[in-house]
Amino acid sequence: MSQSLLLFLLLVTALGAGWGLGSWQQRRRSKTELELSDAYLKGLDHLIDDRTEEAIESFIQALDVNSDNLPAHIALAKLLRRKGDVDRAISIHESLMERSDLSETDQHRVKLALARDYYSLGLLDRSENTLRELLSETQDRFIKEPALHLLVRLYEQEGEWAEALEVADQLDPEQRAGLNTELAHYQCELATLDIARGEHETALRLLEAALSRDPQCVRANLTIGRVLMQQSQWRSAIRALQKVAEQDPLFLPETLPGLRRAYESCDDEHGFYAYLNRLNETAPSTSVILAIAEIKRDREGVLSAGLFITEALKRRPSVRGFNRLIDMHIEHGSSSARESLLTLRGLTQQLELSKPVYRCSHCGFSGRTLVWQCPSCKHWGSIRPIQGLEGE
């Protein structure tokens, strides 16, 4: 959390404390009033001096627990949790749970906060039990919906995909729609497990269900294509892989190896070549250019393929394209130039291999392996092939 955001939260909490204190002062005049007022003002002093820990302590001391200022207590505990002091947050929430004068709604709010504490500490069993207990006690949607959301995330973290889907289906349709990207990936995860067990038909049903939740789920069509190829259903595999172009053209390079194999198995190299040329017009990429060049090389020779890559590089320069052009010159160029080209190729290959291939559009995490959940920000479906000189 940034310092400015932290300061903002503390200011909001301080204002809330001040409002609650003002209301309390109108009702009672006593020595305790002065003590609380002093604690509140001391908290403001600490806040101004950027002494966060002392400010939190002072505000906690300044707040008596009642239905008006309970949100302030929960907000302070939340701040402690975000600062990493989860044990103190738990202590605040457990102390609140012990009070007999809290309303049922307030008890549920504290219990939800306590479940978040346990989740932050990695105490997933305790968090799950608390959430399950809470959901059995309330139908208040302002409590139930965040509890269900947290339970979905908990099962996601545990890799319990079926349980996560079951809990998500308890959400209101509007709330569930906001999770469709994640839920589609949960179904893809289950399908992957089925594929490993050889249960292809079950996997295909899950993948179709994933597309029903999220029609833009590229992963589902890529996996459907792989399953269908394992079953030698080549034409169906081609149709599934070609749908990726409609979902996200950036993922077209991921489809090309499978499409090449499927078209070759159908003895339809001409169909693959025609498809590549259409892609080069509508969604050009380095992988498409190089795939066309390989077919030209087989059909028309290395000179034609080299000229094609040269012209393509003028419009769409890339390290990979340049490296393939060097390879062709090494293979068919003069022996006098070969040694220099080999040296150059070694340098450009190091450059190519040192660069990431995929990047998360949410947090910027990059790597050379395609994963469907970002290891850094945990977003699903946010990692995509990199474009430009060092990518596609």
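Me: Where does A177 sit, and how many Å separate it from R213, C-alpha to C-alpha?
Reply: A177 belongs to helix α10, residues 173-177. Buried means under 20% relative accessible area, exposed over 50%, and partly exposed in between (1.4 Å probe, protein chains only). A177 has 43% relative accessibility, so it counts as partly exposed. Along the sequence A177 and R213 are 36 residues apart, but in space their C-alpha atoms are separated by 8.2 Å.

Me: How many helices and strands does the chain have?
Reply: Going by those DSSP runs, the chain has 21 helices and 3 strands.
Buried residues account for 46% of its 392 residues. The count you asked for is 21 helices and 3 strands.

Me: What is the mean pLDDT of the chain?
Reply: pLDDT is the predictor's confidence in each residue, from 0 to 100. In this chain 79% of residues reach 70 or more, but pLDDT is below 50 over residues 17-37 and under 50 over residues 39-49. Where pLDDT is low, the predicted coordinates should not be read in detail. The mean for the chain is 82.

Me: Which residues does D117 touch, beyond four places away in sequence?
Reply: D117 lies in helix α6, residues 104-121. Its relative accessible area is 0%, so D117 is buried. With contact meaning heavy atoms within 4.5 Å, and residues up to four places away in sequence not counted, D117 touches R81, V86, A89, I90 and H93.

Me: Which elements do the buried residues of α19 pack against?
Reply: Helix α19 covers residues 302-315, and its 14 residues reach 20 Å from first C-alpha to last. The expected span is 1.5 Å times one less than the number of residues, and α19 comes close to its expected 20 Å. Its buried residues are S304, A305, G306, F308, I309, A312 and L313. They pack against α17, α18 (286-300) and α20.

Me: And α20, which of its residues are buried?
Reply: Helix α20 runs over residues 319-332, has 14 residues, and reaches 20 Å between its first and last C-alpha, close to the expected 20 Å. The buried ones in α20 are V319, G321, N323, R324, L325, I326, M328 and I330.

Me: What's the strand order in the sheet, and which residue stands opposite R359?
Reply: Strands of a sheet pair through backbone hydrogen bonds, either parallel or antiparallel. Here the sheet is open, with 3 strands in the order β2-β1-β3 and antiparallel pairing. Because β2 (366-367) and β3 (383-385) stand at the edges with a single partner strand each, one side of each has no neighbour in the sheet. Two strands pair if DSSP finds at least two bridges between them; β1 (residues 358-360) and β3 pair over 3 bridges, and the residue opposite R359 is R384 in β3.

Me: How many disulfides are there, and how far apart are the sulfurs of C188 and C217?
Reply: A disulfide is a pair of cysteine sulfur atoms within 2.5 Å, and the structure holds 0 of them. C188 is in no disulfide, its nearest cysteine sulfur being that of C217. C188 is buried at 1% relative accessible area, and C217 is buried at 3%. The sulfurs of C188 and C217 are 4.0 Å apart.

Me: What are the phi values of S232 and D267?
Reply: Most residues other than glycine have a negative phi, and most peptide bonds are trans. S232 is in the loop between α13 (218-230) and α14 (234-242), and counts as partly exposed at 47% relative accessibility. D267 is in the loop between α16 (252-265) and α17 (269-282), and is exposed at 72% relative accessible area. Neither is a glycine, yet phi is positive: about 60 degrees for S232 and near 55 degrees for D267.

Note on methods:
Residues are numbered from 1 along each chain as its sequence is written. This is a predicted model: local features need pLDDT of at least 70, side-chain atom pairs count only at pLDDT 80 or more; totals for chains, interfaces and linings use all residues. Side-chain values use heavy atoms; hydrogens and water are left out. Helices (H or I, at least four residues) and strands (E, at least two) are DSSP runs, numbered from the N terminus.
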